[in-house]
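Trainee: I am new to this one. Can you show me how to read it?

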Amino acid sequence: DRAAAADAPVTPGALADGTAVPLLANLGKPQDAAKAVELGAEGVGLFRTEFLFLSSSQAPTVEEQTKAYTELLQAFPGKKVVVRALDAGADKPLAFLNDAHEENPALGLRGLRALRASEDILREQLTALANADAATEADLWVMAPMVSTVEETEYFVTLAKEYGIKTAGVMVEVPSSALLADKVLAHADFASIGTNDLTQYTLAADRLLGSVSSFQDPWHPAVLQLVKATGDGGRVTGKPIGICGEAAADPLLAVVLVGLGATTLSMAPTALADVRATLLHHSLDDAKRIAGAALAASDAASARAAAQEAAAQHT
Ligand code: PEP
Ligand code: MG
């Protein structure tokens, strides 16, 4: 019955053939960690650090950041926790990082670009993360947002390692990084695809603008091609590829993303149960076949329909 099902231990994410697909949580504050664990999160795939400081006028101190990151890491002993460096600008403006008016903020000094322009803030964040890492038992991974070149990847990973961060990577949110994923990954320990921004930049449609919201659909085969390019980069370099955009929360799309080469999925904790259940219905070969059907479509609606049809035909 329902009560018994709710008490049953949550199994780790896996496909029908036993292939592990760790299911992780997207979080914005340490206080949400306990609920995520309860819902079966095997770790954190995206901790959005900027959410802690959206209303701050001053840059956060090393002390206050150390406290917040320590609280987060303490909730996941022995588990992977991917923390993203401050992603300031466009939909997430931070007063202490974004001051200039920009006509097109999504194409402006945001994400890693903004951190690089205020490198002290990035250095303080890395200091706080290293402090929290030293005081806790979690497996800390750190990544940079909105990376669009191989050179930016080298810059960020080199700096993070200077602070003792053992696992450093980048988000793939811009088509340039997806297309050069093998070269990006030659300098990074991992990549995580942000499908929200990747869709925005692929379809050239502002994710905040209602009048173009119909373009913001991660089922679009052009977006799927870029996920595949990133997955292929992960395969040739032997590096893990996470997905941390909203797309991972759509159960059938989650199967497609795994078929395209994603090795972990991160989502809002409330989406974990449905994605876990759907993955168990498909083997890796099945997921590749379903992904192939979606990739061959020419628009988002037909990609979704083709995947549904392919998923219904079990081999
Ligand atoms: C994304 O862009 O998909 C992502 C995960 O980051 P955010 O939504 O915070 O920009
Ligand atoms: Mg993003």
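Predicted model: local features only at pLDDT ≥ 70, side-chain atom pairs only at ≥ 80, totals over all residues.

Trainee: What does the radius of gyration say about the overall shape?

Mentor: A compact globule of 315 residues would have a radius near 20 Å; the protein chain has 19 Å, so the two agree. Along its principal axes, the C-alpha trace spans about 55 × 45 × 35 Å. Of the 315 residues, 50% count as buried.

Trainee: Is strand 1 mostly covered or uncovered?

Mentor: In a regular strand, side chains alternate between the two faces of the sheet. Strand 1 covers residues 23-27, and five of its five residues are buried.

Trainee: Which strands pair with strand 1?

Mentor: Strand 8 (residues 264-267) pairs with strand 1 in the parallel sense, over three bridges. There, Leu-23 has Leu-265 as its bridge partner. Strand 2 (residues 43-48) also runs parallel to strand 1, joined by three bridges. Asn-26 stands opposite Leu-46 in strand 2.

Trainee: What unit do strand 1, helix 2 and strand 2 make?

Mentor: They make a right-handed β-α-β unit, with helix 2 at residues 33-38.

Trainee: How do I read helix 10?

Mentor: Residues three or four places apart in an α-helix point the same way, because there are 3.6 residues a turn. Helix 10 (residues 221-237) has 17 residues and reaches 24 Å, close to the 24 Å expected. Its buried residues include Val-223, Leu-224, Val-227 and Gly-234. Just after helix 10, Gly-238 takes a positive phi of about 70 degrees.

Key:
Residues numbered from 1 in each chain as written. Chains lettered and ligands numbered in written order. Helix = DSSP H or I, 4+ residues; strand = E, 2+ residues; numbered from the N terminus. Expected span 1.5 Å × (residues − 1). Buried ≥ 20, exposed ≤ 12 C-beta atoms within 10 Å, placed from the backbone. Rg over C-alpha atoms; globule rule 2.2 N^0.38 Å. Pairing = 2+ DSSP bridges. Right-handed = clockwise from strand over helix to strand, strands pointing away.
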